[in-house]
Amino acid sequence: MLNYHNCCEPARPAWCNWVRWIVAVILLLLLLRGCWMQKHEVVPAATPTTAAETAQGVTFASELKDGHVTLTGVVKDQATKEAMVQAATAQYGADHVTDQLTIDAAASNPNIDLSKLFAWQKSAGITGIAIHDKTVQLTGTVADDIAKVAQGQVAQDLFGAGYRIDNQLQVAAVSNMAKDSACAETLKSSIEFASGQSVLAAKGKEILDQVSTCLKEGRFEVAGHTDNQGNAPSNQALSEARAASVVAYLTKKGIAADRMVAKGYGQSQPIASNDTAVGRQQNRRITFVALP
């Protein structure tokens with residue numbers, strides 16, 4: 001019988017079979033090595049954490065409300081906790097201090113004179129002092145922008161250059177009533193009249209021009225006053241005329257007439273002695289009284 005395979009295909013050299021076996025063995029070894037490494041995977045040992053890396057930043061807050069201060073945050077030890085409470089108590093009294101501080105040996109203590117801190121908070125009325133790491137946040141209300149900047153500088157001096165002051169103090173909004181009261185104080189002894197006259201002098205008009213902007217809101221009484229020269233009925237009428245003169249002028253400056261009430265008090269409310277010319281001049285005046 002004829003062998004068709006041998007006739008159609010040339011015989012392979014013997015070394016070809018050896019190459020095939022060698023490749024198969026290598027692939028098998030690689031497969032076995034991968035399985036072993038997956039089963040015996042080596043996990044790198046964790047690097048020990050140092051104390052400096054575990055230490056927490058400073059976390060402390062002092063909140064002031066209605067004369068009562070609440071201390072919160074984390075301190076390093078009992079001694080620091082007691083020192084903080086004692087410093088706060090020295091300013092506010094034991095009945096006005098709430099201690100909510102906790103202790104953690106990994107915490108960092110604020111590097112500051114505690115007595116000065118609480119004394120400043122009390123005197124300045126800073127409602128909130130919050131320390132987080134190297135940032136100090138201030139909250140509360142101050143009278144004006146100058147006070148805000150000043151308190152921020154005080155905080156910077158207390159904590160030092162290593163801390164950043166986040167000044168969140170709010171400038172108090174001046175109410176309409178407060179504005180009117182301020183105008184009243186300014187005008188109390190400024191709008192003066194010549195004896196027996198109800199016509200505004202040039203100086204009086206100049207002053208009214210300067211302060212009219214703070215009378216744009218709210219209601220107020222325009223009160224006229226006289227000295228004691230002449231008789232009481234005449235002075236009463238004169239004081240009413242003076243108040244009406246001011247209302248008329250302010251109306252021209254844009255102040256709504258229905259927010260002003262002209263009233264005369266005659267000679268009944270002197271602010272200086274009527275025995276001297278200077279005193280009588282001061283009594284011939286206009287004052288403003290804020291109304292609800």
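Where is T226 found?

**View 1. T226 in its loop.** T226 is found in the loop between strand β9 (219-224) and helix α9 (232-252), where helices (H or I, at least four residues) and strands (E, at least two) are DSSP runs numbered from the N terminus. The model shown is predicted, so local features are given only at pLDDT of at least 70 and side-chain atom pairs only at pLDDT 80 or more, whereas totals for chains, interfaces and linings use all residues. Residues are numbered from 1 along each chain as its sequence is written, and side-chain values use heavy atoms, with hydrogens and water left out. T226 is buried, with a relative accessible area of 1% (buried is under 20%, exposed over 50% and partly exposed in between, for a 1.4 Å probe and protein chains only). When neighbours within four places in sequence are left aside, T226 is in contact (heavy atoms within 4.5 Å) with N235, L238, S239, R242, G266, Q267, N283 and R284. The C-alpha atoms of T226 and G264 are 8.9 Å apart in space, although 38 residues separate T226 from G264 in sequence.

**View 2. The whole protein.** The protein has 10 helices and 11 strands, and of its 292 residues 30% count as buried. Among the contacts in the protein with a separation of 6 or more, 74% are between residues 24 or more positions apart.

View 3. Helix α4 runs over residues 78-92, and at 1.5 Å a residue its 15 residues should span 21 Å, which agrees with the 21 Å between its end C-alpha atoms; the expected span is 1.5 Å times one less than the number of residues. The buried residues of α4 are T80, K81, M84, A87, A88 and Y92. Seen down the axis of α4, these buried residues fall within an arc of 135°, so they line one face of the helix (the arc is that of the directions from the axis to the C-beta atoms). On the other side of α4, the residues A79, Q86 and A90 are exposed. What covers the buried residues of α4 includes the strands β1 (59-65), β2 (68-75) and β3 (97-103), together with helix α5 (114-124). Just after α4, G93 takes a positive phi of about 90°.

View 4. In α5, the buried residues include L114, L117, F118, W120 and Q121. These residues cover an arc of only 160° around the axis, which puts them on the same side of α5. The face of α5 turned away from this buried side carries the exposed residues K116 and S123. K122 lies over the face of Y92, at 5.8 Å from the ring centre, where the rule is that NZ of Lys or CZ of Arg is within 6 Å of the ring centre and within 35 degrees of the ring normal.

**View 5. L71 and the nonpolar cores.** The largest nonpolar core has 28 residues, and those with the most contacts inside it are L71 and F159; such a core is a set of buried Ala, Val, Leu, Ile, Met, Phe, Trp, Tyr and Cys residues joined through side-chain atoms within 4.5 Å. The elements that give two or more residues to this core are β1, β2, α4, β3, α5, β4 (128-132), β5 (135-139) and α6 (145-159). Leaving aside neighbours within four places in sequence, the residues in contact with L71 include F60, A61, S62, M84, V85, A88, V97 and F118. A second, separate core of 17 residues includes L200, V222, V247 and F288.

**View 6. A61 in strand β1.** A61 has its place in strand β1, and not counting residues up to four places away in sequence, A61 touches T70, L71, T72, I129 and A130. A61 and G128 are 67 residues apart in sequence, while their C-alpha atoms are 7.2 Å apart in space.

**View 7. Two aspartates with positive phi.** D66, in the loop between β1 and β2, has a positive phi of about 55° although it is not a glycine. D66 is exposed, with a relative accessible area of 75%. D133 lies in the loop between β4 and β5, and its phi is near 55°, a positive value in a residue other than glycine. D133 is partly exposed, with a relative accessible area of 36%.

**View 8. K134 and Y163.** K134 lies over the face of Y163, at 4.6 Å from the ring centre.
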